[in-house]
Amino acid sequence: MQIIENSTEYDAIIVGSGAGGGMAAHMLGNAGLKVAVVEAGPYFDPKDEETRTQLKWPWESPRRGASTNRAFGDFDMSWGDWKVEGEPYTHEEGTKFMWWRARMLGGRTNHWGRISLRFGPTDFKHKDVDGLGENWPISYDDIKPYYDKLDKLVGVFGSNEGLPNDPDGFFLPPPKPRLHELYYIKAARKAGVRVIPSRLSILTKKLNDDRGVCFYCSQCGRSCTQYADFSASSVFVIPAKNSGRIDLFTNCMVKSVTTNSEGRATGVSYINKTDRREYQLKGRTVVLGASACSSARILMNSKSTQHPNGLGNSSDVVGRYLHDSTGGGRAAFVPQLMNRKTYNEDGVGGMHVYSPWWLDNKKLDFPRGYHIEIWGGMGMPSYGFGFNHTDFNKYIGGEIGGYGDKLREDAKRFYGAVIGLSGRGEAIARYDNRCTIDPNVVDQWGIPVLKFDYKWSDYERYQARHMQKTFEEIFDAMGAHVLGDTPGKDQDYGLLAPGQIIHEVGTTRMGDNPKTSVTNKYSQLHDCDNVFVVDAGVFTSQADKNCTWTIMALSMRTSEYIIDQMKKQNI
Amino acid sequence: MDRRESLKNILLGTIAGATVAGAATSCESPAEVKEQETQLSKEYYGRTPEEIKHDKKVMEEIFLVEHELATIAVLCDIILPATATAGSATDAGVPEFIEFIVKDIPNHQLPIRGGLMWLDGESNLRFNKLFKAATPEEQLQIVDDIAYPDPDNKKPEMAYGIKFFNLMRNLTMTGYYTTRMGFDDLGYKGNVPNVWNGVPADVLAEHDVDYEPEWIAKCVDIAKAGTKAEWDDKGNLIT
């Protein structure tokens, strides 16, 4: 079967339409370049009535929102999760990694938690502090102007607190805390944990004429029909497409970057999922924003005489230093929150307050920090509501079990009386934690798949142990009953599986030394100057923060660099 | 006749033999099936084509049979009977929900089927009749033995029933409180456009927590939410 070539020659071919690819589409399209965006999933617009889940009721789902078809439940707006039909991935024996892929325009940004945290000065130079991992080739000062522009362009609520490693920004005002969050603030402070308003890219105030203002349905995970939360689809790619600034290819899965006899990129080869045929696009530059692991996969699958180990992989570093955020969690029953008067408690999608990392690791038995997220309140019941509900009676001397009117009373008595805490922390990037190309397995598109090889170390386990200790201290200070037993060593102290927090980064890390890094400080491949990476692959290290805001700031910076280098005829 | 309609009939006991595999949909003409598909895709709750296909397939499967569903209906209404202000579990369609969910989450199938058989066995032993045919007093006699945990294992022969009843209670609670009827009973008020402007004052007064002026000063001023955001050079919001 012949490969079909498109005669158009693009200035830039952007692979992926999520946070990184979406931002690049916005920047390069606005600069007047001829841009193609190639997305492996179908078209998606949060406004589309046919796919809308926002404000739907649980009874509209025959399974009441259970997670049979979508890992985060029927109403979550991610097409594809840790499993994508016909697109497997494999593991090195005895290891585990969970790889989330959203196959749709805008990718994971359609359902993400909108937690938008700048990395701080220490996060870029953490090796200087504890000798572990590697410093970034850039500093906070290099990226600060982009964070500033990003805040104003996309919108994020929060507050300026003057904290050294949780930088201030240009924030929209945060929403007022809810009752369970007031309980958290009080208890956390008693336990010596700082609490500040959360920082989420949700418009609590008008930002521009193109997007609506939040109407507090707490469903950002379902994607907002008013465009009041940030999704790369609604905010970047759809406007760029509608104004003719980009050509959009959906349901097209990029297989490899094509190169010429000098080893420079000439475009991409992709499979059109609709007719199952292979096509090629020609481009002056290729910008990979397929997600950390997908971009690494594309590079490793782009082998040629000039790049025998895959494109950009003369260092053999592509796929290495893969790391996800650590995760641990705990919930507690709060007797003071029993028998609540009910009212509409829906706020923004997610927490209104949180705790950034507050301690000094020099005094602890693990090297990096974590932040605490909080959940609770009188949320909308869905599948699982009421399961083992009567068990709470054991904390108040009531009768467990039963039926009839007693059970109805229990349902009301305990509704909204549970608070949950989640720790999200920084793992150390390690050479041996990696994804490679599986030599034996292809997906349904004939593309060799990724094989993961990832193990946690005691750095992460001890951090998880500390999370549990902190959670218990906070709940004790609240007068709450912690649910379940403290997870012990045999359970890695409650540390969740790698990949489960969906913050995977580091697979094409940036650095000054081409022998130990894949891209330079502008996210440009050391081995091929017209290929760039704009997803989290370029992260030299994760922080105790979520990665999206930094993906977008870096993508903005790289896009400016591409425009500048093109003007100077360097690429 | 669609699946939901035929299920209702099963529960009402109006048609016999409808539980033979395939019978529930066999009276549909291809045209009717097609119309149903269109309905699913247009009015269904934002599903992808693959999900619509999947859901249709699950809906057309048959797992629980007439006798099982009838017994489930009796149990559900013991678990959540009607009150002066709220309908019963069967009023809220809980048996239909359970009929679907055991096909959707097959892990439930064996515990439900086996548990129902255990219940009939226990009823036969005590009263020489199936559970659903027992009198309400007789039914409650068994239920009272299995509706509460038995941590000290005082009645080991009831352990299977206790486990089963717990699952039935869980599914009934979820099935009930995820309906409009359940929402009204619970007092749930959300999932509509809203303006969140803090905890109501009367609620706050009942709790030993409060808003601090410094914190509130940072928060949204609802009156100005529609005014375009502008900042000074230092990041202070000035509108």
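This is a predicted model: local features need pLDDT of at least 70, side-chain atom pairs count only at pLDDT 80 or more; totals for chains, interfaces and linings use all residues.
**Entry 1: the contact between the chains**

I looked up how chain A meets chain B. The contact draws 73 residues from chain A and 62 residues from chain B. I then asked which elements of chain A give two or more residues to that side. They are helix H5 (179–190) and helix H8 (405–414). H8(A) gives the most, with five residues. I also sorted the chain A side by class. I found 34 nonpolar, 21 polar and 18 charged residues there.

**Entry 2: H5(A) against H9(A)**

H5(A) came up above, and I followed it to another partner. Two packed helices are described by the angle between their axes and the distance between the axes. The crossing of H5(A) past H9(A) is right-handed.

Which residues meet here? From H5(A) I listed Tyr183(A), Ala187(A), Ala188(A) and Lys190(A); from H9(A), Ile474(A), Ala477(A) and Met478(A). By class, this contact has six nonpolar residues, no polar ones and one charged.

**Entry 3: Ile143(A)**

I placed Ile143(A) in helix H4 (residues 140–154) of chain A. Is Ile143(A) buried or exposed? I counted 21 other C-beta atoms within 10 Å of Ile143(A), so the residue is buried; the cut-off is 20 or more. Next I looked for contacts, leaving out residues up to four places away in sequence. Ile143(A) touches Ile138(A), Ala553(A), Leu554(A) and Arg557(A). Arg557(A) lies 414 residues away from Ile143(A) along the chain, yet their C-alpha atoms are separated by 7.7 Å.

**Entry 4: the largest nonpolar core**

In soluble globular proteins, nonpolar side chains tend to be buried together. I looked up the largest nonpolar core here and found 203 residues in it. Ile13(A) and Val15(A) touch the most other members. Helix H5 (residues 66–79) of chain B gives the most to this core, with eight residues.

Beyond four places in sequence, the residues it touches include Val38(A), Val254(A), Val268(A), Val286(A) and Val287(A). Gly21(A), Leu288(A), Gly289(A), Ala290(A) and Ile298(A) are also among them.

**Entry 5: H6(B)**

H6(B) is mostly covered, with ten of its eleven residues buried. Among the buried ones I noted Val94(B), Pro95(B), Phe97(B), Ile98(B) and Phe100(B). Glu96(B), Glu99(B) and Lys103(B) are buried too.

Definitions and conventions. Residues are numbered from 1 along each chain as its sequence is written. Chains are lettered from A and ligands numbered from 1 in the order in which they are written. Two residues are in contact if their C-beta atoms, placed from the backbone, lie within 7 Å. Helices (H or I, at least four residues) and strands (E, at least two) are DSSP runs, numbered from the N terminus. Ala, Val, Leu, Ile, Met, Phe, Trp, Tyr, Cys and Pro count as nonpolar, Asp, Glu, Lys and Arg as charged, and the others, Gly among them, as polar. A residue is buried if 20 or more other C-beta atoms lie within 10 Å of its own, exposed if 12 or fewer, and partly exposed in between; C-beta atoms are placed from the backbone. A crossing is left-handed if the near helix is turned anticlockwise from the far one by less than a right angle, and right-handed if clockwise. A nonpolar core is a set of buried Ala, Val, Leu, Ile, Met, Phe, Trp, Tyr and Cys residues joined through C-beta atoms within 7 Å.
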